[in-house]
Amino acid sequence: MDYYSSPRWTAEIADCSMPMTMDTYSNCSFKCIYCFSQFQRGIGEGKEAYLNNEVKWVNPEAFKKIWEHPETSQFGEYVKGKRTMQWGGLSDQFDNNERKYGKTLELLRWLRKNYPDQQISFSTKGTWWLDDIRYTELFKDNPNWNCKFSIITLEAEKAKIVEAGVDSPQKRLDAIEKFAKLNAGGATLRLRPFIIGISTPTYLDLIREARNRGATAMSTEFFCVERRSNVLKERFHYINELCGFDLYKFYEKYSVQHGYMRLNRKIKEPFVKNMKQVCDEIGMRFYVSDAHFKECCCNGSCCGLPPTFNYSRGQWCEALMIAKKNGTVRYSEVREDIDKYLAGFQKQKANGFNKGGASVRAKFQGMSMADYMRWLWNNPDNGQSPYTLFEGVLYPKGKDENGDLIYEYQENRTFIPVSGCSGCGHNH
Amino acid sequence: MDDFDFFMDEQVEEKEEFPNLPKELQGIDLNPDESEKLKNDFPTLKQYITISFLESQTKELAEILGVPLLDPKKKNTYSFEEIKGAKENGLL
């Protein structure tokens with residue numbers, strides 16, 4: 001049997017609070033037009049299998065071994081430390097493949113029985129599983145399992161076109177309500193990707209409605225356009241029609257990068273301010289996963305986990321929160337988790353991590369993932385450094401006694417000031 | 001004819017490049033601020049060297065560097081540890 005390889009270390013390890021990310025299946029039945037995983041899976045060696053909807057799943061025995069024999073796995077220290085795992089990074093574990101094969105259920109039953117304190121944050125657009133007692137009984141009164149529900153618009157007609165394989169936004173709001181009633185680890189509205197022209201004009205009503213249904217947090221991130229994705233190019237006209245203008249051209253004109261196109265901060269700012277204001281009004285925790293305005297997050301997990309969760313603190317979102325509170329941040333304030341969980345394996349051998357070309361391999365040869373994180377911290381010109389990633393909100397102002405950079409929070413680059421508060425106006 | 005506005009078409013075209021933009025974006029300059037450009041005092045060190053050579057010099061250069069093989073058709077990349085290791089292990 002040829003199995004799918006997961007979990008893996010996320011490519012966004014530098015600023016991710018759940019770097020260990022799990023997918024049950026190699027493919028996803030939902031086929032959303034904007035899905036970033038089709039950019040990754042729709043190119044290279046696995047392209048044909050992916051586009052032909054071939055499905056593989058993880059090896060259950062290999063999965064279990066991570067907990068039973070942690071010394072044999074790169075993830076061993078992470079799970080021994082009971083750090084939160086992401087489930088649903090590139091595929092939806094509650095999609096129609098799960099209905100057919102039930103592999104997620106098998107793994108969740110095993111985890112619930114044997115390692116009930118393993119924290120998980122799921123990400124889904126699926127709704128059917130909340131009417132299936134085999135699943136809901138695992139979540140009921142389980143504070144360690146959080147779930148994010150992705151909804152990007154309240155308009156069912158728009159959703160039907162960009163998310164053809166998914167239930168309507170209204171059904172997904174119902175799912176939030178059902179999940180909230182299970183008294184599990186919290187329901188989060190995942191308003192990602194925020195697509196101008198599709199998420200507008202209903203996004204604020206969507207947030208209010210999710211709160212009414214029991215969501216306690218929301219997380220957003222603006223749509224990025226991968227020019228190299230032929231799958232996206234072929235389908236982009238649907239998005240343009242729904243927007244009423246050429247969104248592709250809009251990205252070409254107003255993006256800060258031109259391969260993987262990301263809109264500039266000025267365009268995002270009015271939407272972020274509106275969302276934050278509504279969340280403050282209705283008592284909902286607000287998080288921005290986008291590198292722009294990530295400083296708006298209530299705490300250092302941009303997926304929306306509350307600070308009571310045991311997510312990884314060894315990453316730059318946490319650093320950003322520390323700097324927002326104190327004005328500056330040092331590497332020593334985030335390195336503990338990095339050294340505990342990322343020092344035991346080489347960056348170039350990290351599961352699922354992009355190894356880069358020959359020059360990159362030579363440059364980072366012998367470096368552990370923890371060494372690599374420290375290198376990123378100390379090389380602010382790199383795109384994954386705290387300085388470049390957050391576009392200057394953290395500025396390297398000098399070095400500490402260990403030779404590591406000290407970053408200073410730059411109030412002139414954002415509307416969120418330095419304060420003792422998390423920035424959201426609420427005590428969490 | 002004297003009253004014809006030669007700029008009208010151009011103005012209309014510019015105005016309608018992105019019709020139906022949401023109200024949040026109407027009436028504001030959407031171009032990034034110049035101040036968004038990033039500069040800092042801690043540039044990444046290059047930490048590599050480039051050596052150019054002719055195909056006929058391939059063997060000689062490999063001997064000088066102490067590496068077992070150079071392929072003139074490709075970019076050859078060695079880390080410091082590899083060259084040091086090759087010398088220490090007598091791979092010359």
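Tutor: The model is predicted. In chain A, an open sheet of eight strands with mixed pairing is ordered β1-β2-β3-β4-β5-β6-β7-β10.

Student: Which strands of chain A stand at the edges of the sheet?

Tutor: An edge strand has a single partner, so one of its sides is left without a neighbour in the sheet. This applies to residues 8–9 and to residues 285–288 of chain A. The edge strands are therefore β1 and β10 of chain A.

Student: How many bridges join β4 to β5 in chain A?

Tutor: Strand β4 covers residues 120–124 of chain A, and strand β5 covers residues 145–150 of chain A. The two run parallel, with Thr124(A) opposite Phe149(A) in β5(A). The number of bridges joining β4(A) to β5(A) is five.

Student: What distance separates the centres of domain 1 and domain 2 of chain A?

Tutor: The domain assignment places domain 1 of chain A at 8–296 and domain 2 of chain A at 316–413. Taken over C-alpha atoms, their centres are separated by 25 Å.

Student: How many charged residues are on the side of domain 1 of chain A that touches domain 2 of chain A?

Tutor: The contact draws 16 residues from domain 1 of chain A and 20 residues from domain 2 of chain A. On the domain 1 side, the elements giving two or more residues are β1 and α4 (76–80) of chain A. The residues of that side include five nonpolar and four polar ones, and the number of charged residues is seven.

Student: What is the count of buried residues in helix α2 of chain B?

Tutor: Chain B has three helices and zero strands, and its elements run α-α-α from the N terminus. Of the 92 residues in chain B, 1% are buried. Helix α2 of chain B (residues 58–65) is hardly covered, and the count of buried residues among its eight residues is zero.

Student: Which residue follows α2(B)?

Tutor: The residue in question has a positive phi, near 80°. The residue that follows α2(B) is Gly66(B).

Key
Residues numbered from 1 in each chain as written. Chains lettered and ligands numbered in written order. Predicted model: local features only at pLDDT ≥ 70, side-chain atom pairs only at ≥ 80, totals over all residues. Pairing = 2+ DSSP bridges. Helix = DSSP H or I, 4+ residues; strand = E, 2+ residues; numbered from the N terminus. Domains from an automatic or database assignment. Contact = placed C-beta atoms within 7 Å. Nonpolar A, V, L, I, M, F, W, Y, C, P; charged D, E, K, R; others polar. Buried ≥ 20, exposed ≤ 12 C-beta atoms within 10 Å, placed from the backbone.
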